[in-house]
Amino acid sequence: MAEELIKVTIDGQEFEVEKGRPLIDVINEKGFGVPSFCYYADLELQASCRMCLVRIEKMPKLQASCVIRCTDGMEVTTKSEEIEKAQRAMGEFLLANHPLDCPVCDRGGECELQEVIFDWGDVEERFDEPKNAHPEKFLSPIVANDQQRCILCKRCTRVCHEWMGEDAIEAGNRGSNTVIGTYGGWLNCSQCGNCIEVCPTGTLLDGVYRHETRPWELDQTITTCTYCSDGCQLSVGSRADEVHRIVARDRYVNGINGEFLCIKGRFAHGFVNHGDRIKTPLIRYKKGGKLIPSTWDDAIAFAAERIKESKKAGVVATSRLTNETVHTLKRFADECRDGTSYAVSDTYDLAPFFENLSAPLCTHKEIRFAETIVVIGGDVDEEQPLTAKQIRQAVRNGGANLILVNDTPSRLSHQASQFIHVNPGTVEAFVLALADPSAADMAAAKMGIGRAEIDKARETANATKGDLIIMFGKELGAEAQAVAANLPSRHENRNVKLHPLAGYCNSVGASDMMPGRKPVADVVAGSDALLIAGSLSDEEFAAADLASKPFVAVQELFLTDTAAAADVVFPAASFAESDGTYTNNDGFVQRVRRAIDPVHQAKPDWMITSLLASELGADFGYSFSASAVFRSIAESHEAYEGLRYPDLKDETRPVRVKHKLVSGADVSGAVASLRDRVSQFPDAADKITEEPRVGHKLHRVTTMTGKTPQFHLLANGNPKPDDLLVSPLFQFNPDGSPKKEEESEVAAG
Amino acid sequence: MEIKAIGCEPLQLKRMHIENGHTLDVYRQTGGYESLKKAMNMTSDQIIDEVKASALRGRGGAGFPTGMKWSFVPRDSPKPKYIVCNADESEPGTFKDRYLLERDPHALIEGMLIGAFALGVETCYIYYRGEYKYLIEIMDRAIEEARQANLVGKNILGSDFNCEFYTHTGAGAYICGEETALLSSLEGFRGHPRMKPPFPAVEGLYACPTVVNNVETLTSVPQIIEMGGKEWQELGTEKSGGTKLWSVSGHVKKPGVYELPMGYHDMEKFILEDCGGMLRDDKKLKACIPGGSSVYAMRADQIIGKNVTLDYEGLVEAGSMVGSGGFIVIDETVDMVDSTKNLTEFYKHESCGWCTPCREGTDWLVKIFDRIWAGGGRPEDAQLILDLCDNIEGKSFCPLGDAAAWAIQGAVKRFPEDFKKHLLQNGNGAGTSGS
């Protein structure tokens, strides 16, 4: 939208700016600079810190520039004696009851209040009355609150409300007694920690990182999150080969997620330096024997020998691996032994979707500014938290229409303009109803909804002039995915975009890297020697019966069920220890960067695979450089053509891979088989009315999240301790039961 | 307790002394609801023009011309429109609305109905301060009576005019007397003020056009319609029309609610004669806070022999403001440090905590006053207090900060001798007089 340009004069200099922009943004952008604490772009305006006061001609008082919109001919003064006195006065007021315990504060060194005061340099403290003192309290196992440091900018309550839709924290009491608190004294939310991230001072504290190091001692490495497919950019803080904390980035310079992260991305990094990591390669020399620590040379030689002996080899990748690894595994399958089959273990296979893709994937920014968003299935709040946040802001701040099709109510369904609550397991019928109006009545009956609901959704979609975004989750089978991918080409709106709610951080990339893959079960069943990078899902593992295989090699971080069943286990490096790339559900290929050296004897996955390949006589032309692997990717995958690591340097300008668009594909076969399938759905079913608790998936204890002790408490009901001054970890056992007195004393002592 | 009009016929106080004045029957017998009938035969513009002609200014404290406020409401807006009566009377020293609500509830209903008719409003809210909960029953009963008489509800008096009334209480916060905070509270949120603009007339309750008026402002409306705007204005002065209620308290013999025509001459006579003179004959007048605690206190020598007229212009000229008409008379026994300490504590207690200067400034000021009162005053404290007030004034989010600053600045600037007494006896604790 081209906005009218107008003239604004700031400190005597004239600028052309878009009409109606927040004055504070213009002032800062043009390099004049006003301090502010409560202003936060894209959150509701607050104007409470009163730091950004400026003088505007023809206005009686100093004005808070955050709430002023630029108008033509506005004359602004940002620097004068009067303004500096006012701004310093606000600083002085904020410091009055602030404890000034910077030397022991986790924020010391990256505190915005500290920075503003230090920028002035000569602030005299006139306040010598007693300060209002309060003890530091825990709000949850993961969030601590030192309320006396609070300057009540309320960024935390606003992100909780506007980003998360949780309203878990709110201000309580009044006046100088105001505190940021919780309902019932304990946080029962998704524990995303965004309140901690946006806090300008050390009021809300990361319970995992608390008192670990000073911020300036940390090396900050910008990388991509290893959990869901949203691909948030984050900064890994490490010191001496140990990961201490993860934060998003700066308030203004940042990747697709800004300062947003979810509980997993922010807190579940304990696995990286966990004591259970596999330390050396392990070999089981004889079936039925034990896994015995070994050297790399022996393990590679042993594995290569067994694979050579086998009749048919198989390779299984997982979608948490980097593109580099999956690509190398594919090459391993192609180039080491003829007839090697390969598969990717994921929640669902995106192949039918990408084969019929008729519109570009949408970016997270486009979601925020979309006009209509249709979410078919999935559980965005729990599985793709950034996408959920963007949807929520689109609805809340952008007035977008949200059509939610799901069998289970969720937090987002309260915000939906239309929540189509379907019978359990029938969301696919909605895709059919959209693709084939003649089947709409049947589909509506199977979903247990009125036909009018489908018509209403269709009307909303047809009336949409801006971006219309269709998202879908893992409920969609192959036919439904193909039909969904084809939907945009049937719609007259040219702004239709698609967004797969993929399962893992590199689901899209792994799908790109391994065209022609087979289902995991087929590969496992058809091979007598298996190379598995990562672990099989529980269902896949149960079906695979790995113990009966003549030979299985596994690359893993931990001795999971899959690894424990292997004959050779290679210790793999985690995302924090390796270079590479992930491709997210926007189609952005983003860098994963090595923050620390691989722990113990671990090696990056792609390197393990290529070592094994060269032992088998294949030369991939790379052995020690991830960027060389990426070049090989760019040379062999059309969508990645021409890309090099230097192109991916700037996380604020992510690079999109070029997925091929297929327009006008004939999906009538898929529609027909989808119709058959839908017609076999039961006619009547009880709807799921209970809304699952917040965090039911986010807090789940998995191989990775389980290494952060706080997750065990959250998964076990997040019990509220009697003593809020002491970490719940000292008061509860991992299963949520209270520790016996003696134990807790020992632990605390 | 005196409740009477001086210098004019009792208009607002017409039914104060009539038995059962709060009932519909008595209200009608004394001319009630005739103005509504008259107004319903007028056009919207005619009604608003009459209110404009009356020079009626908001009686809650800010003194904004009511007719102009009404004319800001976009009448062609497709959104519902609201009239909200601000009965959150909590300015220290102010208690006039209480009597109107208790003894003449129908006057308020009629005033609101006339406004509603003029502005196309179908829903009216009366927001009581939490402490006035006991008065709500009277209003609820009055509304019910009016409903039975087809004065509230659907098709009022057989016309196609519909208007519904609701009463609501706050939870005891001074800030909810500020119109935007009142609206937040009425919507069920924390009573925090909101950004202006947009002003409530454009985006108020539930983001719809809303008029927020004080009780006394609205009870004036039936008289204006009855008498005609011009005639009503002529009771007072050109810019301050009509009559005004003053809540007189403090060291006078006859405290109470007085109705005076605007421009009443003069303030000295009012205190020393009309209100019965000083409470103790041997004690002299020291100060008067004429408009509720938030305005500058006046020294006796700004009143005695100065011909101060009681209206918006006269009091500004004399160095204070009409405010809400909370008229506090103070004699020479009062230590202004003590009374200001009390007021500072009030503002600290009532600061909502939204913005930095008001929240932290009032907290700091209370700590300074506490220290001074404990004998720890320092000579530089007066300057510090004034500087802190200056740092609050004009920088706070809403007028509460300004009000706190004015009350304190006024005392420090105008009663330096009281402060000197405390600030120069530094450290030895001897400065404490009993309070």
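Just after helix α7(B), Asn150(B) takes a positive phi of about 60°. The model described here is predicted, so local features are given only at pLDDT of at least 70 and side-chain atom pairs only at pLDDT 80 or more, whereas totals for chains, interfaces and linings use all residues. Residues are numbered from 1 along each chain as its sequence is written, chains are lettered from A in the order in which they are written, and side-chain values use heavy atoms, with hydrogens and water left out.

Helix α7(B) covers residues 133-148, and its 16 residues reach 23 Å from the first C-alpha to the last, close to the 22 Å expected at 1.5 Å a residue (the expected span being 1.5 Å times one less than the number of residues). The buried residues of α7(B) are Leu135(B), Ile136(B), Ile138(B), Met139(B), Ala142(B), Ile143(B) and Ala146(B). Seen down the helix axis, these buried residues fall within an arc of 160°, so they line one face of α7(B); the arc is that of the directions from the axis to the C-beta atoms. On the other side, Lys133(B), Glu137(B) and Gln148(B) are exposed. Here buried means under 20% relative accessible area and exposed over 50%, with a 1.4 Å probe and protein chains only. The cover over the buried residues includes α5, α6, β3 and β4 of chain B.

In chain A, strand β3(A) (residues 53-56) has two antiparallel partners to look at. With β4(A) (residues 63-64) it pairs over two bridges, and Val54(A) has Gln63(A) as its bridge partner. Strands count as paired if DSSP finds at least two bridges between them. Six residues separate β3(A) and β4(A) in this hairpin, and Lys58(A) in the turn has a positive phi of about 75°. β3(A) also pairs with β5(A) (residues 74-77) over two bridges, where Ile56(A) stands opposite Val76(A).

The two chains also meet: 35 residues of chain B are in contact (heavy atoms within 4.5 Å) with 37 residues of chain A. In chain B, Arg190(B), Trp364(B) and Lys367(B) lose the most area to chain A, together 22% of what that side buries. Between the chains there are seven salt bridges, each a side-chain nitrogen of Lys or Arg within 4 Å of a carboxyl oxygen of Asp or Glu.

Methods. Helices (H or I, at least four residues) and strands (E, at least two) are DSSP runs, numbered from the N terminus. Buried area is the accessible area (1.4 Å probe) that two parts lose on being put together, summed over both.
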